[in-house]
Amino acid sequence: MTHPGEHPLPFMDKALPDAWKAATTFATAISAETRQHGLTPAESEIIKIRVSQLNGCVFCLDLHSRQARKLGLPQQKLDLLPAWRESTLFSDREAALLAIAETATVLPLSEASKADLLAARSALGDETFASAEWVATTINIFNRISILSE
């Protein structure tokens, strides 16, 4: 039972601050590693935004949309991100990254998502492909932390 003024769910970061510290250390390491293996910061942000859209994470959507704009992503691309498959605005590389973002978020894998992954791997090469998977997996973790702490 919650008391007046008490948040209905515990904030995961405040309830277990050492776990939160470990999660942020993990995310920092993933970011550094993926930059060294083929992903630009702007590409990472586009993955994070698409995953956060699919998960409905308001906090992460706001944060990563602002980051993407700071990195020079045009507002039109951000606006059309939910319809990237129907748009000609996204490059083949961006489409591959977005396919990975969606596949890493909407599980289990279908035959169509497996085909998307194979095409993305072919377009990106193993290191950039794996980097995109790591970014998508990591933001999925943070989306869940944020949503469960609302």
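# Chat: salt bridges, rings and the core

Q: How many salt bridges does a search of the whole structure find?
A: The search finds 10 salt bridges. Keep in mind that this is a predicted model.

Q: Let's take E43. Which side chain does E43 meet in a salt bridge?
A: E43 meets R93, at 2.4 Å from N to O. This pair links distant parts of the chain. E43 sits in helix α3, residues 41-55, and R93 in helix α6, residues 92-105. They are 50 residues apart.

Q: Is E43 buried or exposed?
A: E43 is buried, because its relative accessible area is 12% and the cut-off for buried is under 20%. R93 counts as partly exposed, at 31% relative accessibility.

Q: What about K114, which partner does that side chain meet?
A: K114 forms a salt bridge with E111, at 3.6 Å from N to O.

Q: Where are K114 and E111 in the fold, and how many residues apart?
A: Both are in helix α7, which covers residues 111-124. They are 3 residues apart, so about one helical turn separates them.

Q: And how accessible are K114 and E111?
A: K114 is partly exposed, with a relative accessible area of 40%. E111 counts as exposed, at 62%.

Q: Which residues do salt bridges with shared partners join into one network?
A: R50, R85, E102 and D116.

Q: Switching to K14. What does K14 lie over?
A: K14 lies over the face of F11, at 5.4 Å from the ring centre. The K14 side chain also meets D13 in a salt bridge, at 3.8 Å from N to O.

Q: Is K14 buried or exposed?
A: K14 counts as exposed, because its relative accessibility is 61% and the cut-off for exposed is over 50%.

Q: Now rings. How many aromatic pairs are there?
A: The count comes to 2 aromatic pairs. One of them is W20 with F142.

Q: What kind of pair do W20 and F142 make, and why?
A: Their planes are at 75 degrees, so the pair is edge-to-face. The ring centres are 5.5 Å apart.

Q: Where do W20 and F142 sit?
A: W20 is in helix α2, residues 17-36, and F142 is in helix α8.

Q: On to the core. Which residues touch the most other members of the largest nonpolar core?
A: I46, I47 and I100 do. That core has 30 residues.

Q: Which helices each supply at least two residues of this core?
A: α3, α4, α6, α7 and α8 do. Helix α4 runs over residues 58-70.

Q: Which one gives the most to this core?
A: α8 does, with 7 residues.

Q: What do nonpolar side chains tend to do in general?
A: In soluble globular proteins, nonpolar side chains tend to be buried together.

Q: Back to the surface. Which residues form a nonpolar patch there?
A: F26, W134 and I141 form one. Together they have about 270 Å² of accessible area.

Q: Where is I141 found?
A: I141 is found in helix α8, residues 126-148. I141 is partly exposed, with a relative accessible area of 36%.

Terms used. Residues numbered from 1 in each chain as written. Predicted model: local features only at pLDDT ≥ 70, side-chain atom pairs only at ≥ 80, totals over all residues. Heavy atoms only, no water. Patch = residues over 30% accessible without salt bridge, like charges linked within 9 Å, V, L, I, M, F, W, Y side chains within 5 Å. Areas by Shrake-Rupley, 256 points an atom, 1.4 Å probe, with all protein chains shown as cover. Salt bridge = Lys/Arg side-chain N within 4 Å of Asp/Glu carboxyl O. Helix = DSSP H or I, 4+ residues; strand = E, 2+ residues; numbered from the N terminus. Buried < 20%, exposed > 50% of the residue type's maximum accessible area, 1.4 Å probe, protein only. Phe/Tyr/Trp six-rings, centres within 6.5 Å; stacked < 30°, edge-to-face > 60°. Lys NZ or Arg CZ within 6 Å of the ring centre and 35° of its normal. Core = buried A, V, L, I, M, F, W, Y, C linked by side-chain atoms within 4.5 Å.
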